[in-house]
Amino acid sequence: MLRIEFEEPTESVCNCCQNAIVRLTRFVYKDDDAFAVYYAQYTHGHSEKRLIGIISLGEWGSDEVGAEARLAFPFQIWMNGDNFQVGLVDARDSPWSHVTFLGRILDRTEALAHEWINDVFHITDHMVEDDKEIVEYFS
Ligand SMILES: [Zn+2]
């Protein structure tokens, strides 16, 4: 069972339209063990609603292990009619491509072939159901 811990969203201003860019930080627990961290961001007022995110899986429970024990999966979420679409993206297309503590960032092809990919989609399923900010953004 997954449980998400929610931080307060932070906001900045979009260079293209002066609307608010919202950034989310979330901690995911599986059976009360630290399981993943995800970041997500979206901009209010853009014509297409699109969330950009990254999920870091691996060892999060202990200070003794570093980023080499984790891998990061960058993705986007958008709506197609009533359905959520989740697409993996390449590392260089992620706004977090310079962040190292999430673990090595996988490109799309490698991510889709990785044994952890089902955990990624399990978490994105919860994001669009349980994450109040994300649910509101897409509603
Ligand atoms: Zn903008």
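Which residues have the most contacts inside the largest nonpolar core? They are Leu51, Ile55, Phe73, Ile123 and Met127, in a core of 28 residues.

## Basis of the model

This is a predicted model: local features need pLDDT of at least 70, side-chain atom pairs count only at pLDDT 80 or more, and totals for chains, interfaces and linings use all residues. Residues are numbered from 1 along each chain as its sequence is written, and side-chain values use heavy atoms, with hydrogens and water left out.

## Nonpolar cores

A nonpolar core here is a set of buried Ala, Val, Leu, Ile, Met, Phe, Trp, Tyr and Cys residues joined through side-chain atoms within 4.5 Å. Buried means under 20% relative accessible area, exposed means over 50%, and partly exposed lies in between (1.4 Å probe, protein chains only). The largest core has 28 residues. Strands S1 (2–6), S3 (20–30), S4 (33–43), S5 (50–58) and S6 (70–80) each give two or more residues to this core, as do helix H2 (117–130) and helix H3 (132–138). Helices (H or I, at least four residues) and strands (E, at least two) are DSSP runs, numbered from the N terminus. A second, separate core has nine residues, among them Val37, Ala91, Trp96 and Ile105.

Contacts are heavy atoms within 4.5 Å. Leaving out residues up to four places away in sequence, Ile123 touches Leu2, Val28, Phe35, Ala36, Tyr38, Ile55 and Leu57.

## Trp96

Trp96 sits in the loop between strand S7 (83–88) and strand S8 (104–105). Its relative accessibility is 9%, so Trp96 counts as buried. With residues up to four places away in sequence not counted, its contacts are Tyr39, Ala40, Gln41, Ile52, Gly53, Ile54, Leu102 and Ile105. Trp96 and Gly53 are 43 residues apart in sequence, and their C-alpha atoms are 8.7 Å apart.

## Zinc site

Four protein donors hold positions 2.0 to 2.3 Å from the zinc ion: Cys14 (SG), Cys16 (SG), Cys17 (SG) and His46 (NE2). Donors are N, O and S atoms within 2.8 Å of the metal (3.2 Å for Na, K and Ca); water is not among the atoms, so sites may look incomplete. Along the chain the donor spacing is C-x1-C-C-x28-H. The angles at zinc run from 102 to 119°, so the arrangement is tetrahedral; for four donors, that label requires all angles to lie between 85 and 135 degrees. The ideal angle for four tetrahedral donors is 109.5 degrees.

Cys14 is buried at 8% relative accessible area. Cys17 is partly exposed at 28%. Cys16 is exposed at 60%. The disulfide count is zero, where a disulfide is a pair of cysteine sulfur atoms within 2.5 Å.

## Strand pairing

Two strands pair if DSSP finds at least two bridges between them. S1 and S3 run antiparallel, joined by five bridges. There, Glu5 has Phe27 of S3 as its bridge partner. Strand S2 (residues 10–13) also runs antiparallel to S3, with four bridges. Ser12 stands opposite Ile21 in S3. S2 and S3 form a hairpin with six residues between them, and Gln18 in the turn has a positive phi of about 65°.

S3 and S4 pair antiparallel over 10 bridges. Thr25 stands opposite Tyr39 in S4. This hairpin has two residues between its strands, and Asp31 in the turn has a positive phi of about 50°.

Terms used. Tetrahedral: all angles 85-135°; square planar, octahedral: opposite > 155°, others 65-115°.
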